[in-house]
2 protein chains.
Amino acid sequence: MTRRAVTIVDVARYAEVSVSTVHYALNGKRRITPATQERVQRAVRELNYHPNAGAQAMASHRASVIALMVPLRGDMHLPVIMEIATAVALTARRHGQDVLLLTGDEGPEGLRRVTASGRADALILMDVELEDRRIPVLHEVGLPAVLIGLPTDSTGLTCLDLDFRVAGAACVDHLASLGHRDVALIGGSRQVYDRHTGFAERTLTGFLTRSEQLGIRATHHSCEGSVESVAGVLSRILEERPCVTGFVVQNEVAASALPGLLGRLARIVPAEASVVAICPDQVALHSFPQLTSVSLPAQELGRRAVELVMAQLRGEVTAGEHLLAPSLTARESSAQRVSTRAIQSSTTGPASATSSPRTARPSPSVASGASSV
Amino acid sequence: MTRRAVTIVDVARYAEVSVSTVHYALNGKRRITPATQERVQRAVRELNYHPNAGAQAMASHRASVIALMVPLRGDMHLPVIMEIATAVALTARRHGQDVLLLTGDEGPEGLRRVTASGRADALILMDVELEDRRIPVLHEVGLPAVLIGLPTDSTGLTCLDLDFRVAGAACVDHLASLGHRDVALIGGSRQVYDRHTGFAERTLTGFLTRSEQLGIRATHHSCEGSVESVAGVLSRILEERPCVTGFVVQNEVAASALPGLLGRLARIVPAEASVVAICPDQVALHSFPQLTSVSLPAQELGRRAVELVMAQLRGEVTAGEHLLAPSLTARESSAQRVSTRAIQSSTTGPASATSSPRTARPSPSVASGASSV
DNA sequence: GTGAAAGCGCTAACAA
DNA sequence: TTGTTAGCGCTTTCAC
């Protein structure tokens with residue numbers, strides 16, 4: 001039943017060569033006569049030989065495994081995490097590496113475990129915090145590693161993230177190009193700005209800087225993750241600045257609720273107000289109207305992370321901040337600003353789609369129920 | 001910089017005992033004097049010893065790794081997949097196992113690779129199809145394995161899934177308890193019923209059987225994943241059976257679109273028509289109104305899968321179909337049926353909610369009943 | 001209760 | 001161009 005596994009010795013015997021010949025034939029680190037090469041290949045094929053990973057790891061000091069630590073219940077969106085994880089696995093395989101799945105709750109000790117035991121020879125960490133407790137371990141072990149997210153002190157580390165500064169600027173650019181002259185940024189909760197931050201502040205910087213450059217009036221507010229808070233923040237903004245017609249949101253709840261809330265305040269999106277979100281595509285596409293947005297390039301993050309790790313395994317130095325250029329996709333929530341309060345009968349918006357069920361949707365103001373945090 | 005790793009020999013020397021003593025002290029397969037025990041523990045701690053995984057695997061013929069194969073771009077929802085994966089990783093660690101992440105595109109060959117190379121000594125497969133090409137490999141390698149989903153021929157295999165038959169019945173029960181006497185099931189696309197199926201048919205069976213038992217009129221239609229098709233199916237249903245007031249949906253697009261579509265046809269949900277969905281919580285919660293639903297118990301699937309694998313590693317036989325009891329959560333999309341066409345002025349519907357969508361919750365009498373077989 | 005030593009299967013240095 | 005062999009670090013049998 002459980003027959004002994006095929007070893008390199010079996011292959012050698014079968015091909016009538018020595019083990020080293022088999023070995024070198026399989027990884028071309030030595031010139032082999034085509035004839036011998038062929039015999040070995042045949043033997044491998046016919047015996048269905050797969051080198052034993054443990055032995056290989058032990059002898060070569062390389063496990064050919066990348067450990068990927070995913071957040072357990074972070075602020076990140078599950079689909080985004082999954083997309084990154086999948087991209088990591090795919091790309092890793094393409095480079096002959098396997099992926100070990102670790103959860104964030106294993107913490108620094110988990111990293112120590114998998115590295116000290118030689119289970120993994122490279123690390124990819126998601127959901128990196130500003131003062132991440134795992135970072136000291138990274139320096140300790142000195143193995144190839146990539147952080148997805150930017151910590152406060154990234155000295156000597158390879159970090160990868162979306163360029164949120166540019167993303168913030170891109171949102172302003174987009175709104176400006178549509179004629180909006182007064183814009184507001186609705187960000188994440190205060191917590192996000194404190195703890196997990198980095199990206200939130202970077203977005204803000206880009207947003208403010210570009211606004212100033214373009215001579216556009218800009219405000220910003222942090223905002224908790226409930227529809228109520230979004231409503232509160234919104235009314236505060238409009239109270240202080242009734243002329244705001246462009247909104248940038250970096251807050252999933254706000255993203256999906258804002259169009260509805262604006263509608264209730266007689267500012268139909270996109271006819272009278274434009275909304276640009278920085279959020280996962282999923283959120284942008286599931287909102288009504290679909291949101292113009294800068295998306296998180298999940299797949300590319302995963303792919304790049306592996307490539308950076310591989311470069312390090314090759315001995316290259318990749319330390320530094322690798323920022324992916326954001327790309328903004330225009331959808332239904334942004335449009336040319338009209339100076340006069342729009343004509344009531346304006347049916348030019350995407351909302352006019354014929355058979356679309358959207359028309360039937362009730363007062364969208366109440367769209368999404370209270371969700372947590 | 002890259003100092004040599006601490007080995008069991010180092011520990012032995014430090015503790016002034018033999019390697020075997022260290023070994024046995026660490027896994028209690030031999031009686032050790034408390035004094036010696038303590039010395040070893042100290043050495044381990046002070047040297048920060050972590051057994052080398054490769055060597056361990058090679059010598060013991062056990063990698064202590066479970067391979068988890070996730071669908072690449074299946075019909076399954078990304079968040080659900082991620083939740084299962086996370087639960088698998090968590091539970092596995094709790095059992096001293098690590099998790100290797102494989103993507104579906106590695107196919108049968110991928111399974112052969114990780115098993116033949118001794119990288120993994122157990123398998124968990126997600127997104128199992130009726131005639132899954134990976135199944136033959138499972139029989140070949142004979143390693144512990146759990147399938148999440150039910151294939152046509154599950155002989156000798158350990159399968160795990162939600163009990164969709166009971167889920168279908170539970171939906172009928174719920175609608176019946178609310179007074180609905182004429183119900184319709186809107187299922188997935190025809191493809192789903194063909195290819196990836198299993199679960200779709202099982203739901204249907206439960207739905208029809210229970211309807212008959214309760215003397216309720218029932219129809220069912222498959223439905224593609226576009227809003228247009230949902231609209232089409234809906235109008236067809238109402239044409240043939242104007243009296244249908246209860247809907248069961250197992251189709252994410254239909255789930256989120258149905259309430260709106262019904263609203264357009266002057267059947268406000270839940271006042272005049274009730275909708276019960278079989279879908280991930282995410283979908284149910286993001287719809288408006290929030291859907292009464294039977295959810296996919298992602299976490300439990302992941303946890304149970306690992307437990308079943310561990311049982312097999314222990315030598316226990318777990319072959320068979322392990323079906324999780326579904327649980328139905330009543331939300332805002334289902335309510336007591338009113339026989340007279342609702343009063344037009346009925347402002348009790350959820351659409352009237354002011355600041356809190358919850359107020360709209362219908363007849364709270366609806367107990368969240370989880371029924372079992 | 002403790003120790004010695006023979007593998008496990010592969011890699012890589014050394015020979016031929 | 002090909003073959004031989006000494007480890008890699010741990011497990012486990014056998015001896016004390």
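## Chain A at a glance

Chain A folds into 14 helices and 12 strands, where helices (H or I, at least four residues) and strands (E, at least two) are DSSP runs numbered from the N terminus. This is a predicted model, in which local features need pLDDT of at least 70, side-chain atom pairs count only at pLDDT 80 or more, and totals for chains, interfaces and linings use all residues. Residues are numbered from 1 along each chain as its sequence is written, while chains are lettered from A and ligands numbered from 1 in the order in which they are written.

Chain A has 373 residues, and 49% of them count as buried (20 or more other C-beta atoms within 10 Å of the residue's own, C-beta atoms being placed from the backbone).

## Around DNA strand C

Two or more residues each come from α1 (8-15), α2 (19-27) and α4 (53-60) of chain A, and from α2 (19-27) and α4 (53-60) of chain B. The top contributor is α4(A), with five residues.

## Around DNA strand D

DNA strand D is also surrounded by 27 residues, and A:Ser18, A:Ser20, B:Ile8, B:Ala55 and B:Ala59 are the closest. Here α4(B) provides the largest share, five residues. At least two residues each come from α2 and α4 of chain A and from α1 (8-15), α2 and α4 of chain B.

Technical notes. Near = placed C-beta within 6 Å. Buried ≥ 20, exposed ≤ 12 C-beta atoms within 10 Å, placed from the backbone.
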